[in-house]
Amino acid sequence: MSTAPREEPPTRTTPGQTVGPFFHYALPYDGDRDLVPPGSAGAVRLGGRVTDGAGEAVRDALVEVWQAGPDGAVPRETGSLRRDGWTFTGFGRTCTGRDGRYWFSTLEPGPDRPGAAAFFALTVFARGLTDRLFTRAYLPDDTAALAADPLLASLPAGRRATLVARRDGRGPVFDIRLQGEGETVFLDLSGRRAP
Amino acid sequence: MDSTPVTASGLEPQSALSARMAAVEEARRATGADPRQPALDYPPYRSTALRHPTKDLHHADPEAVELFAPCFGERDVDPLEADLTLGGAGEPLGERTVVTGRVTDARGRPVRRQLVEVWQANAGGRYVHSGDRHPAPLDPNFTGAGRCLTDDDGYYRFQTVKPGPYPWRNHHNAWRPAHIHFSLFGTEFSQRLVTQMYFPGDQLLALDPILASVTDPRGRAMLVAAYDHGVTTHEWATGYRWDIVLGGAHGTPLEDGEGDRA
Ligand SMILES: [Fe+2]
């Protein structure tokens, strides 16, 4: 036990608020969606469509990706806001367009340990969304790893599929359904199980 | 059938909306949901209707990548980006203001060298955004976007002008209280926070369904800055202090004997 006096921990955290409709001149930046230059060695397109409870495109969402590199290691490099074209920082940001689509040019993450399922960690923001949402887009290929994944195993079969990307010719496709039929599983990562 | 008074716009009057806000707050107190975080399903803020998940958030133990956050550094942010009054040929209109505060985790530890982004309307309540059709003047000397890195003690500091309130079409005669949008990263993925800072004494605070989506008055109070005469500077700018506490996987208060070396 330490004898040093300990600061009383604050009991409250600052609440979130909606990103609103007017972030487009502030949060996007040059190269935000290009974690690696499109077309460079190993580059894939991670993309999909964000839709609402009526199945309509969400045109004013912001999507962020945070991911390991192909070796499974978590990047600790700065430079996401001023990319040098060579350093993989693992972070990207993009806005959806009028069709609700988003995409990143990136590398596919590797598993962080043998037998683990590799995924992209995603954050979604939008007008009408009072707080950010976290989710995971798993790569679909390693079925044994997916079957052994603790999060996927804790989900009913019908919802599990919402977290697994499919593939088109350019890379993983991951649609984000905020509400309703096929609603994406959004995560509580706070480390506390709901009472 | 419907006793809601009719307004010139055909939209719901503030009185009816305020009554619904109070009812949701009351109802949510009884559900056991954490009232300090905003309700995702919050009908008084109409745009939530088709955009809130209907299923509860699903508990997941963070994996390796989620226990870290992206790193930002000197290469990412020019120190001049913390001054929103620069960038035009002249000074922007409005009340020059400094907003500063400390970013910590829930255990009170500073979040060091991490990115803080802000954006806001100008003094007239107008954003430099093609979607903002409020007929208030644009200010050629003000864009309203800034960035900085927190210092080694977790402090951020922006120089700006106080934003104006602005109307929106959520209900009849709806006005957002003056606010600055903030975007923050912590030391782990789950600490990611986008929120809004408000100014003390604003009579619009009690009427605003976006602020009221946080259904705990103590949670709402955490979003309101304090006027700080120690931040105000002689013949230059008024000053506000606003501290930010990030949650996250390790954001729960300490148990006894835990985290002695924190
Ligand atoms: Fe705003």
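These legends walk through several close-up views of a predicted model.

Residues are numbered from 1 along each chain as its sequence is written, while chains are lettered from A and ligands numbered from 1 in the order in which they are written. In this predicted model, local features need pLDDT of at least 70, side-chain atom pairs count only at pLDDT 80 or more, and totals for chains, interfaces and linings use all residues, with side-chain values taken from heavy atoms and with hydrogens and water left out.

**View 1. Meet the iron ion and its donors in chain B.** Donors here are N, O and S atoms within 2.8 Å of the metal (3.2 Å for Na, K and Ca); water is not among the atoms, so sites may look incomplete. Along the sequence, the donor residues follow the spacing Y-x38-Y-x12-H-x1-H. Tyr127(B) sits in the loop between strand 3 (115–120) and strand 4 (145–149) of chain B and Tyr166(B) in strand 6 (residues 166–168), so this pair ties together parts that are 39 residues apart in sequence. Strands (E, at least two residues) and helices (H or I, at least four) are DSSP runs, numbered from the N terminus. Both tyrosines are tucked away: Tyr127(B) is buried at 0% relative accessible area, and Tyr166(B) is buried at 6%. Buried means under 20% relative accessible area, exposed over 50%, and partly exposed in between (1.4 Å probe, protein chains only).

**View 2. An open sheet of four strands in chain B.** Follow the strands in the order 4-3-8-9, with antiparallel pairing. Strand 4 and strand 9 (193–198) stand at the edges with a single partner strand each, so one side of each has no neighbour in the sheet. Strand 8 (residues 179–184) and strand 9 of chain B are joined in the antiparallel sense by six bridges; two strands pair if DSSP finds at least two bridges between them. Look for His179(B), whose bridge partner in strand 9 of chain B is Tyr198(B).

**View 3. Arg192(B), in the loop between strand 8 and strand 9 of chain B.** Arg192(B) is buried, with a relative accessible area of 4%. Leaving aside neighbours within four places in sequence, Arg192(B) is in contact with residues of both chains, including Glu64(A), Arg132(A) and Ser183(B). Contact means heavy atoms within 4.5 Å.

**View 4. Strand 5 (residues 155–161) of chain B.** Five of the seven residues in strand 5 are buried, so this strand is largely enclosed by the rest of the structure. Strand 2 (residues 96–105) of chain B pairs with strand 5 of chain B in the antiparallel sense over seven bridges. One bridge to spot links Thr97(B) with Thr160(B) in strand 5.

**View 5. Where chain A and chain B come together.** The contact takes 80 residues from chain A and 90 residues from chain B. About 7600 Å² is buried between the chains, with carbon and sulfur atoms giving 58%. Buried area is the accessible area (1.4 Å probe) that two parts lose on being put together, summed over both.

**View 6. Leu223(B), in the loop between helix 3 (217–221) and strand 10 (226–227) of chain B.** Leu223(B) is buried, with a relative accessible area of 0%. Among the contacts of Leu223(B), leaving aside neighbours within four places in sequence, are Thr14(A), Gln17(A) and Trp242(B).
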